[in-house]
Amino acid sequence: MNSLDSKNYFSIRNLLIFLIPSLLGVFLFMIPLENGDGEITLPVAFMANLLSDVLGTAMPTIVLAVLLISVIMTIFVTLLKPQSFMENDFLKRLFVVGPFWFVIRVLGAIFGIMTYFEFGPEAVWSADTGMVVFGDLLPVLFAVFFFAGLLLPLLLNFGLLEMLGALLNKLMRPLFRLPGRSSVDCLASWMGDGTVGVLLSNQQYEQGHYTKREAAIVSTTFSVVSITFTIVILEYVNLSHMFWQYYLTIVIAGLAAAIITPRIPPLSRKADTYIDGRESEDEVFPKGTNLFAVGFNRAMGVADRTPKLSEHAKSGFQNVLDMWLGVIPVVMAVGTLALIVAELTPVFTWLGAPFVPVLQWMQVPEAAAAGQTMVIGFADMLLPALLAGGIESEMTRFIIACLSVTQLIYLSETGGLLLASKLPVNFLDLVLIFLVRTIVTLPVIVLMAHLFF
């Protein structure tokens with residue numbers, strides 16, 4: 001147990017510092033509400049949509065400006081290394097990047113310019129490639145990053161994680177090989193939005209609260225697409241009347257993947273060390289320990305030591321800049337390249353061919369048509385649903401819709417974010433995790449489909 005547990009930190013001041021920001025953070029990131037159009041969404045997502053609506057037609061120009069500022073400042077600081085930037089840890093980390101990420105940022109800016117002005121090879125800027133990322137995804141990410149970056153400290157910095165860490169450690173460790181504090185991250189990721197989940201995981205990892213293995217597990221296992229987007233996919237495949245069967249299947253398949261994938265490579269082989277090299281130490285509570293009392297006192301301790309509000313605001317604005325200038329160019333570059341491969345080459349059809357006999361063995365109708373959708377979701381989560389539009393069998397469309405959500409790794413969104421973050425996963429890891437999740441969740445989804453059809 002933590003030596004700090006022996007000191008009592010309770011006071012009305014600390015209780016209010018703990019409760020008010022934490023409850024506000026839970027409300028903003030974890031409580032689904034119905035918006036004016038009858039859609040299920042989260043308050044933080046609602047605010048992001050509101051910002052997108054306010055900016056309206058200016059959003060593409062703003063996104064292009066972000067891409068250009070990122071690449072110009074990266075070239076300037078990386079090559080010239082001005083003293084004022086090199087002495088500022090945040091600015092140095094933001095703009096001094098290695099050769100690979102330098103090229104990615106340049107490529108993201110080039111793709112952005114080509115898509116904005118619609119010039120050059122149409123394969124780059126067409127409605128099915130560059131415009132999907134530049135016109136549909138990046139405006140959403142820009143708005144989400146603004147509110148998530150500013151407001152994530154409400155969940156992270158006022159004691160909620162410390163309290164739940166003590167309470168849920170005995171549940172999270174045996175089930176998912178994760179510390180109890182990750183429960184907030186997992187719930188926010190699952191109920192909220194995959195992008196928010198990745199950002200939350202990255203912050204926890206950089207702050208030294210997750211080991212490399214834990215950070216990789218949370219970010220690639222629980223950062224599912226939002227409830228709102230699952231409804232969008234269901235509408236694409238004309239199965240809106242089956243929402244509850246659909247979401248129940250996603251939850252069961254997702255939990256199966258969350259239990260199994262951390263126990264097999266590549267996640268099981270990640271180092272159990274923190275970002276600063278410290279070894280992981282499992283916390284063991286003596287028998288009879290009042291876990292609520294321990295967790296509550298730890299939350300009070302965090303509240304007692306919390307810095308001034310201005311420090312939290314500064315940290316939030318740095319989060320926003322980090323995501324805008326560091327992540328958006330990567331999503332533009334990687335997402336566009338992935339969609340070009342998906343739309344203009346037969347690569348994903350070839351990769352999906354081995355699944356055809358498996359689907360036939362599982363008695364899935366129209367197995368040949370379904371086979372080509374099995375791995376194309378690696379490029380973008382919507383592609384399987386789009387390809388499923390011509391499939392007559394409702395059962396097959398149901399399977400494709402469920403699988404496209406539970407696969408979770410999409411280069412045009414979460415995959416790009418993972419690669420752009422400090423999280424300890426590389427491109428090969430993403431490929432392997434995507435395949436593992438496909439293999440684990442497909443039998444569960446097919447079994448559920450046979451029950452419903």
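Modeller: Angles under 35 degrees count as roughly parallel, over 145 as roughly antiparallel, 65 to 115 as roughly perpendicular, and the rest as oblique. The model is predicted: local features need pLDDT of at least 70, side-chain atom pairs count only at pLDDT 80 or more, and totals for chains, interfaces and linings use all residues. Residues are numbered from 1 along each chain as its sequence is written, and side-chain values use heavy atoms, with hydrogens and water left out.

Biologist: At what angle do α2 and α8 pack?

Modeller: Helix α2 (residues 43-55) and helix α8 (residues 130-151) pack at about 130°, and their axes are 8 Å apart. Helices here are DSSP runs (H or I, at least four residues), numbered from the N terminus. Axes are lines fitted to C-alpha atoms over the stretch in contact, and angles run from 0 to 180 degrees between N-to-C directions. The two helices, α2 and α8, are therefore oblique to each other.

Biologist: Which residues of α2 and α8 make the contact?

Modeller: On α2 they are Val44, Met47, Ala48, Leu51, Ser52 and Leu55. On α8 they include Pro139, Phe142, Phe146 and Leu151. Contact means heavy atoms within 4.5 Å.

Biologist: How do they divide by class?

Modeller: The contact of α2 with α8 has 13 nonpolar residues, 1 polar and no charged. Ala, Val, Leu, Ile, Met, Phe, Trp, Tyr, Cys and Pro count as nonpolar, Asp, Glu, Lys and Arg as charged, and the others, Gly among them, as polar.

Biologist: And how far apart are the axes of α15 and α22?

Modeller: Helix α15 (residues 243-260) and helix α22 (residues 394-406) have axes 10 Å apart and pack at an angle of about 45°. That makes α15 oblique to α22. Among the residues in contact are Tyr246 and Ile250 of α15, with Phe398 and Val405 of α22. By class, this contact of α15 with α22 has 7 nonpolar, 4 polar and no charged residues.

Biologist: Changing topic, is Ala123 exposed, partly exposed or buried?

Modeller: Ala123 counts as partly exposed because its relative accessibility is 28%. Buried means under 20% relative accessible area, exposed over 50%, and partly exposed in between (1.4 Å probe, protein chains only). Ala123 lies in helix α7 (residues 122-125).

Biologist: What does Ala123 touch?

Modeller: Not counting residues up to four places away in sequence, Ala123 touches Thr129, Ile340 and Leu344. The C-alpha atoms of Ala123 and Leu339 are separated by 9.3 Å, with the two residues 216 apart along the chain.
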